[in-house]
Amino acid sequence: MTPLDHKAIGLRIRQQRTFLNMSREELAKKISITPTFLADIELGTKGFSLKSLNRFCEVLKMSSDAILYGPREHSKYASLLELLERSPQDKIEYAEKMLTLFLLSHDPVEG
């Protein structure tokens with residue numbers, strides 16, 4: 001069994017929070033903890049309950065495995081896939097359209 005690294009867990013939570021443009025206060029409110037306790041979690045000095053883990057998963061759009069152990073090593077796109085897997089179908093379809101348009105518009109022109 002892989003031991004838990006609280007500093008790495010806190011770092012992953014902080015990175016996802018900032019990726020989602022969420023303040024510490026906003027995330028703390030959404031998962032029903034204090035901003036100070038969230039700061040301690042992000043620094044790796046405090047742990048949290050399963051109930052809080054579930055709330056982190058929902059709000060941060062991450063699986064518990066991604067929070068506790070990090071992204072899957074087999075794919076450099078794991079964090080993007082993780083975000084898509086936890087999104088509602090309508091947002092997935094919208095994201096697919098946006099990504100397709102972006103990639104098609106940035107293809108080099110052959111000449």
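What you see is a predicted model, where local features need pLDDT of at least 70 and side-chain atom pairs count only at pLDDT 80 or more, while totals for chains, interfaces and linings use all residues. Residues are numbered from 1 along each chain as its sequence is written, and side-chain values use heavy atoms, with hydrogens and water left out.

**Stop 1: the whole chain.** Switch to cartoon view. The protein chain has 7 helices and 0 strands (DSSP runs numbered from the N terminus: H or I of at least four residues for helices, E of at least two for strands). Its radius of gyration is 17 Å, well over the 13 Å that the globule rule gives for 111 residues, so the chain is more spread out than a compact globule. That radius is taken over C-alpha atoms, and the rule is 2.2 Å times the number of residues to the power 0.38. Along the principal axes, the C-alpha atoms fill a box of roughly 55 × 30 × 25 Å.

**Stop 2: the largest pocket.** Select L80, L84, K91, A95 and E96, which lie nearest the centre of the largest pocket among its 15 lining residues. A pocket here is an open set of points on a 1 Å grid over the protein atoms alone, where a 1.4 Å probe fits, with protein on both sides within 12 Å along at least five of seven lines; lining residues have an atom within 4 Å of a point. About 400 Å³ of space lies inside the largest pocket (the space filled by probe spheres set on the points, which are joined across faces, edges and corners). Now color α6 (78-85) and α7 (89-105), the elements that give two or more residues to this lining. Which helix gives the most to the lining of the largest pocket? It's α7, with 9 residues. By type, the lining of the largest pocket splits into 10 nonpolar, 2 polar and 3 charged residues.

**Stop 3: the second largest pocket.** Next, pick Q16, M62, P71, S79 and L80, nearest the centre of the second largest pocket, which 13 residues line. This second pocket has a volume of about 290 Å³. Helices α1 and α6 each supply at least two residues of its lining, and the lining comes to 6 nonpolar, 4 polar and 3 charged residues.

Terms used: Ala, Val, Leu, Ile, Met, Phe, Trp, Tyr, Cys and Pro count as nonpolar, Asp, Glu, Lys and Arg as charged, and the others, Gly among them, as polar.
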